[in-house]
Amino acid sequence: MNHTPVPVLPLLWRHLGAFVTAAALTAPGAAHAAPPIPTSGQFVAAEAREAARKRDRPRLAAMREAAQATGHPLLPWVEYWDLGSRLTEAKAEEVDAFFERWRGSYLEDRLRNDWLLELGRRRDWAAISREYPRFRMNDDREVTCWWLLTEHLRGRDVREAARQAWFAQREADEGCTMLATALVDRRILGADDVWRKARLSIEAQRPALARTAVGLLGNVPARELSEALNQPARYLRGAERRPNRARQELRLLAILRVAANDADAAAGLLETRSSGLTREQSAWAWAYAGRRAAFRMSADAASHFRRAWARVPRNDVDAPGWSDDTLAWAARAALRATPGRDGWVLLTQAIAAMPPAMQADPTWVYWKARAQIATADRSSATSGESSIEQARLALQSIASPLHFYGQLALEDLGQAPALASVPPPNTPVEREAARAHPGLARAMVLASSGLRDEARREWNFSLRGMDDRQLLAAARWACEEADWQLCINTSDRTRESIDLATRFPMPFQSEILEAAAAQSLDPAFVFGLIRQETRFMAQLRSHAGASGLMQLMPATARWVARKTGAELRPQQPEQLFEPELNLKLGTAYLRMVLDDLSGSLPLAAAAYNAGPGRPRRWREGPTLEPAAWAEAVPFDETRDYIKKVLANSVVYALLMRSPDAALKPRLGPRIGPREGGPPVNTELP
């Protein structure tokens, strides 16, 4: 049957105006109980959210009634905020009615998340059993713990799932604590599990969680536990106590606490006082000292890890039991170790001990292959060639022009990057299906109302289960609306159909090219940096106050303006949202950063993300190939940022048909201590 689709956004905006009028008319006691509801539709949703944050129930109730009366496009959000503000008092019938009204939506699932937490607090096991299987996102660890506790009470074996959920706990919560308590009481979880939880909690800088875990055993003196966690050096200096398992573990926890702040001090304690630990405990302590030393880019990190491995029983070398983070830092310590076979062997050992999912990450596939090639036995033609061929097959498995290690793999294999062909345009039916999707349409209204976090969550939920054609239709719609953030993030999800126009768009092209040329910057690098910073959203402001396309902090912008003579009025901070001015100041700052850091793009990217002082410190120590240096950067966010900015720049160089569209030339020469050149620009913010 032929029909003409109704445009969703115009219809939604007509509802916005109707809602504002109805809200003003129907809010009970509006003149006395709450300030008047705004007259601009763009601010209605933000007002409702603010009322929810303030738990202003009368105002929320008024807005809910007005939204219901007019069929407001964001009615489910207003209802969600209203019901959420009184969920502790809500009856199941009201919650079920919400689920029914908004079946299949993001907000149905989000409220179910909140409701499951409330059901846990109510100890309503039957309701949890009924609702949990309907929770589609399943992204709340405490909800998982309540569910596992419910299953345990029904007689199910939940030991392994419960261990993983409890070990992953990073904040104190009732659900996971109650689950662990129940399983320890029933001796389903034992002392080994409790002490492992305590060790992981200390590694995560969560001593309160360690104290709670150890308390479950019921046989550890509270004073000794408190001293080990709060005054570890004093505990370790204390008089010798009769050794037992608990005191050995407390000794280990105390050493871990010391290592968190001073890996060298912890190493000294292990060298002089390690007789109080078992070999397994000593191995864990040395590994954590290595991890903390690697985080601080200490030359001793690799040595600490070698001592840790030396204490692991031969049969457990591939599964020492250390945390995933510790194993990743063991690999990074190896990358910074003195070049040579020993470093590659240590790297191989660390990767081999990682769980399978971690080993499959392109990062460790790449470095394992490099280690295989470096350590291949070239004296034996057969075994050496076999090892190198295995490494080449591994590199081929991750080779791609779209991401950092994929690009490195291509270049190591001697292959030129080739961009994917343009997928066919979406059909009118596919395009209209995207626009008619209620969740995507609501997300667009939320984004237009300035509620970007809510828009992103609803949009992402709505993408669940979509195939490549549906994802491209949604991405292209977002691009047409100039919402480059939703556009890029959606296009990034496709698996086979790669649309570079939506995955790597080039908005503000003329302005970016002009600003880059004025500072003699590679425009592909500027495009790559902005894609990572803001996804080309000129009106974004971070929680810290960074604003505009290139996310300039106001103080930095003022400093650059003074240096360059740009006109920036302090009383008008909204100026930083002007693309031309933001680009002028941002590229000028980037030029200064590059000049201060020997022209190194990896160092400049690190400085743009973490400030110039940090990469100045991080370049000290051994001289490393840039990829190894980048992987060993201590901050997760900055490490990821460097790799993505550089990989983005390669794609943009290919799109602009630049002659230097390769990653390794952009990574530049080996990175090490500063040698000669102009003095450090100590003024650079």
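Tutor: In helix H27 (residues 438–448), the buried residues are Gly-439, Leu-440, Ala-441, Arg-442, Ala-443, Met-444, Val-445, Leu-446 and Ala-447. Buried here means under 20% relative accessible area, with over 50% called exposed and anything in between partly exposed, using a 1.4 Å probe and protein chains only. That is 9 of the 11 residues in H27, so the helix is largely enclosed by the rest of the structure. Just past H27, Gly-450 adopts a positive phi of about 85 degrees. The helix labels are DSSP runs counted from the N terminus: H or I with at least four residues for helices, E with at least two for strands.

Keep in mind that this is a predicted model, where local features need pLDDT of at least 70 and side-chain atom pairs pLDDT 80 or more, while totals for chains, interfaces and linings use all residues. Numbering runs from 1 along each chain as its sequence is written, and side-chain values use heavy atoms, with hydrogens and water left out.

Next up is H14 (residues 222–230), the helix that holds Ala-228. Its buried residues are Glu-224, Leu-225, Glu-227, Ala-228 and Leu-229, and they pack against helices H12 (191–203), H13 (207–215), H15 (232–237) and H16 (245–261). Ala-228 itself has a relative accessible area of 0%. Skip its neighbours within four places in sequence, and Ala-228 is in contact (heavy atoms within 4.5 Å) with Tyr-235, Leu-250, Ala-254 and Arg-257. The C-alpha atoms of Ala-228 and Leu-256 sit 9.9 Å apart, though the two residues are 28 places apart along the chain.

Now for helix pairs. Axes are lines fitted to C-alpha atoms, for helices over the stretch in contact, and angles between N-to-C directions run from 0 to 180 degrees. H20 (residues 324–335) and H21 (residues 341–352) have axes that come within 8 Å and cross at roughly 165 degrees. Leu-327, Ala-330, Ala-331, Ala-334 and Leu-335 of H20 make the contact with Gly-343, Leu-346, Leu-347 and Ala-350 of H21.

The axes of H35 (residues 579–596) and H36 (residues 601–610) come within 9 Å, crossing at roughly 125 degrees, and these helices are therefore oblique to each other. From H35, Gly-586, Tyr-589, Leu-590, Val-593 and Leu-594 meet Leu-601, Ala-604, Ala-607 and Tyr-608 of H36.

Last, the rings. Phe, Tyr and Trp (its six-membered ring) pair if the centres lie within 6.5 Å; planes under 30 degrees apart are stacked, over 60 edge-to-face, and the rest tilted. By this rule there are 22 aromatic pairs. Trp-166 and Phe-167 are stacked, 6.1 Å centre to centre with 25 degrees between the planes, and both are buried. Phe-504 and Tyr-652 go edge-to-face at 5.6 Å and 80 degrees. Phe-504 lies in the loop between H31 (500–503) and H32 (509–518), and Tyr-652 in H39 (residues 636–655), so this pair ties together parts 148 residues apart in sequence. Phe-504 and Tyr-652 are buried too. Finally, Trp-77, Tyr-80, Trp-81, Tyr-106 and Phe-461 form one aromatic cluster.

Definitions and conventions
Parallel < 35°, antiparallel > 145°, perpendicular 65-115°, else oblique.
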